[in-house]
Amino acid sequence: MAHSQSEQAITIKTPEEIEILFQANQIVAGVLELLKTKAVDGVSTFDLDRLAETFCCDHGAQPAFKNYKGFPASLCASVNEEVVHGIPSKKKILRPGDIISLDFGVCYQGFYGDAAITVAVGKVAPDVTLLMEITEAALLKGIEQARIGNRISDISRAIQQHVELHGFSVVRQFVGHGIGSNLHEPPEIPNFYQHRQASPRIVEGMVLAIEPMVNLGGAKVKILHDQWTVITADRKPSAHFEHSVAVCFQGPRVLSLKPRA
């Protein structure tokens, strides 16, 4: 779940806490793996929300977003021009050519997991396919910079450069965040580089939810009357990918990625 700005101290996690965060994020990864197969023609975003919540509870976790600051559902399901925080609805039926961003979080043993993917429903336009590919690639470029001694701005710069190189726009009102015993913790992780602003140094034990939100058209967004759903101002599609990442001595560890068998 994307974050708008706030100030607190950055918490450093112990190896034991990182293991619990890994378990939390593995439940999130399981949910997203399931939803990827279920986001098909004729399914409502409400149906996907039910599936996500059931999987989460069956694995001993609680949905993190439900009632968080009043959010009414467990899953953020954002279709086409919806950027983030789309509220699931029985009326919102997926159709071929749609894309849907699926953002899910859990609370497990007092720690949070948070990740997101964007999925195509059937065949989508080539520029939209490219948008999804570039957003996911930008996430991986950002993760690559989550190394001891770098700054948060190195993550931001890597994401922005990759996105803009391909002619897409980075959303600026919403940012990534630290994660741990709270869903949203410092530091904030913008997906764009802010000149002249010293960003925090990356140290071992930080856990970061890195999440580029990328628009096919312009960067401007607006919030709908439901006070949650963020849409692109120009109504063009948007994609969103997110991983929770631990900063480890040997490099970034993606907690929300299923280990290869």
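This is a predicted model: local features need pLDDT of at least 70, side-chain atom pairs count only at pLDDT 80 or more; totals for chains, interfaces and linings use all residues.
**Entry 1**

Residues are numbered from 1 along each chain as its sequence is written, and side-chain values use heavy atoms, with hydrogens and water left out.

His 243 lies in strand E14, where strands (E, at least two residues) and helices (H or I, at least four) are DSSP runs numbered from the N terminus. I found His 243 to be buried at 15% relative accessibility, given that buried means under 20% relative accessible area, exposed over 50% and partly exposed in between, with a 1.4 Å probe and protein chains only. Not counting residues up to four places away in sequence, His 243 touches Asp 114, Leu 139, Ile 143, Leu 208, Ala 209, Ile 210, Val 254, Ser 256 and Leu 257; contact means heavy atoms within 4.5 Å.

**Entry 2: Ser 244**

I moved on to Ser 244, which is found in strand E14, residues 243-248, and is buried, with a relative accessible area of 0%. The side chain of Ser 244 reaches the backbone oxygen of Asp 114 at 2.7 Å. I also checked Gly 113, which is 131 residues from Ser 244 in sequence, yet 7.0 Å from Ser 244 in space, C-alpha to C-alpha. Leaving aside neighbours within four places in sequence, the contacts of Ser 244 include Asn 25, Ile 179, Arg 253 and Ser 256.

**Entry 3: Asn 215 and Gly 218**

I then asked which backbone oxygen lies 3.0 Å from a polar atom of the side chain of Asn 215. I found that of Gly 218. Asn 215 is in strand E10, residues 213-215, and counts as buried at 0% relative accessibility, whereas Gly 218 is partly exposed at 30% and sits in the loop between E10 and strand E11 (221-223). Beyond four places in sequence, Gly 218 touches Ser 169 and Asp 234, and Asn 215 has among its contacts Val 83, Leu 131, Phe 168, Ser 169 and Pro 237.

**Entry 4: Helix pairs**

I looked up how helix H3 (residues 126-144) packs with helix H4 (residues 152-165), and found an angle of about 155° with the axes 8 Å apart; axes are lines fitted to C-alpha atoms, for helices over the stretch in contact, and angles run from 0 to 180 degrees between N-to-C directions. H3 and H4 are therefore roughly antiparallel to each other, a label for angles over 145 degrees, with under 35 roughly parallel, 65 to 115 roughly perpendicular and the rest oblique. Ile 134, Ala 137, Ala 138, Lys 141 and Gly 142 in H3 meet Ile 155, Ala 158, Ile 159, His 162 and Val 163 in H4.

Helix H1 (residues 15-38) and helix H2 (residues 45-58) pack at about 150°, with their axes 10 Å apart. I noted that Ile 27, Gly 30, Val 31, Leu 34, Leu 35 and Lys 38 of H1 make the contact with Leu 48, Leu 51, Ala 52, Phe 55 and Cys 56 of H2.

**Entry 5: Backbone geometry**

I kept in mind that most residues other than glycine have a negative phi, and most peptide bonds are trans. A cis peptide bond joins Pro 186 and Pro 187, with omega about 0°, and Pro 187 is found in strand E8, residues 185-189. I recorded a positive phi near 55° for Asn 80, which is placed in the loop between strand E2 (75-79) and strand E3 (82-84) and is partly exposed at 21% relative accessibility. Arg 235 has a positive phi near 65°; I located Arg 235 in the loop between strand E12 (230-232) and strand E13 (238-240), and noted that Arg 235 is partly exposed, with a relative accessible area of 47%.

Methods: A polar contact is a pair of N or O atoms within 3.5 Å; within protein, one must be able to donate a hydrogen and the other to accept it, and residues adjacent in sequence count only if both atoms are side-chain atoms.
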